Amino acid sequence: MIQTLMYGVPSGCSFGSIVALEWLGEPYRLCRIEMPAVVTSDAYRAINPLGETPTLVTAKGERISESMAILNHLGARGIDKGLSFAQGTAGFDQLNQMLAFLNTSFFAAFGPLWYALEHGAEGSEKDVLRAYGAAQVTKAHANLNAMLGSKEWLLGKQRTLADAYFIGVARWTKYHDVVDRRDYSGLQRLFEKLEADPAVQFAHAIERGEKADSTGGFKGEISLAEFLRQQALAA
């Protein structure tokens with residue numbers, strides 16, 4: 001079996017896992033999960049009971065959900081490529097610290113804004129959610145920009161899985177228009193560098209449903225129905 005990533009569209013945080021798979025270079029497939037319709041369906045909940053993306057089904061058939069868990073799973077096989085570090089090293093601790101910040105502060109800061117947008121908040125409720133979200137996103141950008149400093153990548157001279165996760169979340173500013181990334185020169189520089197990366201361009205094309213040129217181990221897309229059919233036959 002080829003490992004299969006179930007990624008959410010539009011603009012899911014699973015984008016970072018697609019980039020990570022491309023950088024890793026191992027064979028993999030993708031399964032497109034439309035949000036919110038398909039991700040909350042009984043068919044998908046048979047894979048992920050929480051009804052969330054991403055989910056990685058490994059070559060052994062094991063299921064891993066949550067971006068942090070997936071990235072660490074992939075990272076264990078990408079140490080020789082500089083994507084992660086051996087457990088117990090300072091690099092490993094620094095990577096996990098950065099991933100934790102990206103998940104609990106950077107990602108979470110957008111939560112009120114997504115709620116206002118997706119749940120049709122109006123009037124004072126919308127104003128409160130947007131004001132709170134704007135403050136959180138601004139703070140997260142300022143803190144991450146300070147952490148980055150003059151470094152080439154989030155952890156220094158080499159790109160890691162933290163950069164893959166960052167680019168998937170950083171693009172959300174275009175939906176909410178509460179910060180101007182150009183006010184944070186380091187983050188803007190990193191964003192532009194990553195946007196020019198072939199793996200990031202591939203992930204964008206995949207999300208748009210366009211022909212995508214992989215420089216990694218991409219072996220094609222599979223529908224959820226076909227994936228479940230193959231799983232049933234293999235059982």
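Is Pro10 buried or exposed? In this predicted model, Pro10 is exposed, with a relative accessible area of 53%, a value that lies over the 50% needed for that class. Pro10 sits in the loop that runs between strand 1 (3–9) and helix 1 (15–24). Pro10 and Thr58 are 48 residues apart in sequence, and their C-alpha atoms are 23 Å apart in space.

Two annotated regions can be described next. According to an unreviewed UniProt entry, residues 1–82 carry the annotation "domain: GST N-terminal". The chain over residues 1–82 is 28% helix and 26% strand, with 26 Å between the end C-alpha atoms. The annotation "domain: GST C-terminal", also from an unreviewed UniProt entry, is listed for residues 88–213.

Ser84 is located in the loop between helix 3 (67–75) and helix 4. The relative accessible area of Ser84 is 4%, so this residue is buried; the class requires a value under 20%. When neighbours within four places in sequence are left aside, Ser84 is in contact with Gly75, Gly78, Ile79 and Leu95. Leu95 belongs to helix 4 and is buried, with a relative accessible area of 0%. With neighbours within four places in sequence again left aside, the contacts of Leu95 are Leu83, Ser84, Phe85, Leu155, Thr160 and Ala162. Leu95 and Asp183 are 88 residues apart along the chain, and 25 Å separates their C-alpha atoms.

Aromatic side chains were examined as pairs of rings. The count comes to eight aromatic pairs. In one of them, Phe110 and Trp172, the ring centres are 5.6 Å apart and the planes stand at 85 degrees, so the pair is edge-to-face; planes over 60 degrees apart fall in this class. This pair links distant parts of the chain, as its members are 62 residues apart. Phe110 lies in the loop between helix 4 (90–109) and helix 5 (111–118), while Trp172 lies in the loop between helix 7 and helix 8 (173–176). Both Phe110 and Trp172 are buried. One aromatic cluster is formed by Phe106, Phe107, Phe110, Trp114, Phe166, Trp172 and Tyr175.

Phe166, a member of that cluster, also takes part in a contact between helices. Two packed helices are described by the angle between their axes and the distance between the axes. For helix 7 (residues 161–170) and helix 9 (residues 185–195), the axes come within 10 Å and cross at roughly 100 degrees. Angles of 65 to 115 degrees count as roughly perpendicular, and helix 7 and helix 9 are therefore roughly perpendicular to each other. On the side of helix 7, the contact involves Asp163, Phe166, Ile167 and Ala170. These residues meet Leu187, Leu190, Phe191, Leu194 and Glu195 in helix 9. By class, the contact of helix 7 with helix 9 comprises seven nonpolar residues, two charged residues and no polar ones.

Helix 9 also holds Gln188. Gln188 has a relative accessibility of 15% and therefore counts as buried. Apart from neighbours within four places in sequence, Gln188 is in contact with Arg181 and Arg182.

Technical notes:
Residues are numbered from 1 along each chain as its sequence is written. This is a predicted model: local features need pLDDT of at least 70, side-chain atom pairs count only at pLDDT 80 or more; totals for chains, interfaces and linings use all residues. Side-chain values use heavy atoms; hydrogens and water are left out. Axes are lines fitted to C-alpha atoms, for helices over the stretch in contact, and angles run from 0 to 180 degrees between N-to-C directions. Helices (H or I, at least four residues) and strands (E, at least two) are DSSP runs, numbered from the N terminus. Angles under 35 degrees count as roughly parallel, over 145 as roughly antiparallel, 65 to 115 as roughly perpendicular and the rest as oblique. Contact means heavy atoms within 4.5 Å. Ala, Val, Leu, Ile, Met, Phe, Trp, Tyr, Cys and Pro count as nonpolar, Asp, Glu, Lys and Arg as charged, and the others, Gly among them, as polar. UniProt positions are given in the numbering used here, feature names are shortened, and annotations may be inferred rather than shown by experiment. Rings of Phe, Tyr and Trp (its six-membered ring) pair if their centres lie within 6.5 Å; planes under 30 degrees apart count as stacked, over 60 as edge-to-face and the rest as tilted. Buried means under 20% relative accessible area, exposed over 50%, partly exposed in between (1.4 Å probe, protein chains only).
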